[in-house]
Amino acid sequence: MKKLINLFISLCHIDSPTGEEEKIANYILDYFKKIKIFAKKDKFGNIYARIGDNPKLFLSAHLDTVEPGRNIKPKIKGEYITSDGKTILGADNKVAVATIIQATKELIKEKNNLSFEIIFTLSEEIGNYGAINFDYKLLKSKIGFCFDSSNPLGTIITASPFYERFDLKIIGLEDHASLPDQAKNVLYPLKEILNNQKLGKIDSFTLFNIGKIQGGYVRNTIPGEIIINGEIRSFFEKNLIKTKNKFIKLLEKIEKKYQIKIEKDFVRENPGYFHKSKQAKQIINKLKKILKDLKLNPKEKVAWGVSDANIFNDKKPISF
Ligand SMILES: [Zn+2]
């Protein structure tokens, strides 16, 4: 534990906000080389390491942190490790990075027929770009565990949603407040959208949210443009698509009714997963047993958030 804490603190001292992970990546690469583990950077800069020749599973964490993540001063305060309050600590995800490295170091001393792989990704925080651009030709395992969740130890995330964001621009016609007959007030189509589109839970697996609405710019003018930013999440792709298509139909109807244009930009940001097949259940049960042996309380959970695991599940399907 002492060695682990020291390693964690050393990692916290190396600034690694998203886009500036080179220093920490080099540190880890050197560290692996020192303990004679095969490790390399892929083209994107992600770290890949392999122990043994026949790996069946990989462990993963990300190297980047959010801001304020520079000049971090970690301190041990009783049972806790904290920053000085001016910055983040970087526990997300350096706790996992340090643990994977330290556990590997200890394990290879004890056993010589071990085999597994490690992936440390970059740029997770801004959209899982490390995982998206990872060189999957390197990877032999079909099963992996991504250690990146703020839930209590022992929690197993078994589902995470497909995620699509959308940006709409309602374009009407602006005019002075005294000329409502000449203007095309975009507040009417906005009202119609809000009256007809269900918000929040669409079904038990699907969420629809509008997070930002911006429009108009001066008191005495009829607004001619409104921008809407929203998102749809669902554990099932078909539910997401159904919700999206229904919403697009509504928008098209409104465009016709008010003789206006609505620019629509939908972007799929993340694939989702839902592990409920027999094979997945077997792996989860095996993991639960290990967690119990470690005196942890294993608990399955579905997460509304997304992580590198969404990308790994999409790129390297375990034939679930
Ligand atoms: Zn994280």
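A crossing of two helices is called right-handed if the near helix is turned clockwise from the far one by less than a right angle, and left-handed if the turn is anticlockwise. All views show a predicted model.

**View 1. The packing of helix α5 against helix α6.** Helix α5, made of residues 187-196, and helix α6, made of residues 237-258, pack at an angle of about 150 degrees, with 10 Å between their axes, and α5 passes α6 in a right-handed crossing. On the α5 side the contact is made by Tyr188, Pro189, Glu192, Ile193 and Asn196, and on the α6 side by Leu250, Ile254 and Tyr258. Sorted by class, the residues of this contact between α5 and α6 are 6 nonpolar, 1 polar and 1 charged.

**View 2. Helix α1 and its buried face.** The end C-alpha atoms of helix α1 (residues 2-13) are 17 Å apart, which agrees with the 16 Å that its 12 residues should span at 1.5 Å a residue. Phe8, Leu11 and Cys12 of α1 are buried, and because the buried residues fall within an arc of 100 degrees when seen down the helix axis, they line one face of α1. These buried residues of α1 pack against α2 (22-34) and α3 (91-110), whereas the face turned away from the buried side carries the exposed residues Lys2, Lys3 and Asn6.

**View 3. Proline 68 and asparagine 71 in the loop between β3 and β4.** Most residues other than glycine have a negative phi, and most peptide bonds are trans. In the loop between β3 (57-62) and β4 (75-77), where proline 68 is placed, the peptide bond from glutamate 67 to proline 68 is cis, with omega near -5 degrees. Asparagine 71, in the loop between β3 and β4, has a positive phi of about 55 degrees although it is not a glycine. Asparagine 71 counts as exposed because it has 11 C-beta neighbours inside 10 Å, the limit for an exposed residue being 12 or fewer.

**View 4. The cis peptide bond between aspartate 92 and asparagine 93.** Aspartate 92 and asparagine 93 are joined by a cis peptide bond whose omega is about 25 degrees, and asparagine 93 is found in helix α3.

**View 5. Lysine 295 in the loop between α7 and β17.** Lysine 295 lies in the loop that runs between α7 (278-293) and β17 (299-302), and its phi is near 65 degrees, a positive value in a residue other than glycine. With 7 C-beta neighbours inside 10 Å, lysine 295 counts as exposed.

Terms used
Residues are numbered from 1 along each chain as its sequence is written. This is a predicted model: local features need pLDDT of at least 70, side-chain atom pairs count only at pLDDT 80 or more; totals for chains, interfaces and linings use all residues. Helices (H or I, at least four residues) and strands (E, at least two) are DSSP runs, numbered from the N terminus. The expected span of a helix is 1.5 Å times one less than its number of residues. A residue is buried if 20 or more other C-beta atoms lie within 10 Å of its own, exposed if 12 or fewer, and partly exposed in between; C-beta atoms are placed from the backbone. The arc is that of the directions from the helix axis to the C-beta atoms. Two residues are in contact if their C-beta atoms, placed from the backbone, lie within 7 Å. Axes are lines fitted to C-alpha atoms, for helices over the stretch in contact, and angles run from 0 to 180 degrees between N-to-C directions. Ala, Val, Leu, Ile, Met, Phe, Trp, Tyr, Cys and Pro count as nonpolar, Asp, Glu, Lys and Arg as charged, and the others, Gly among them, as polar.
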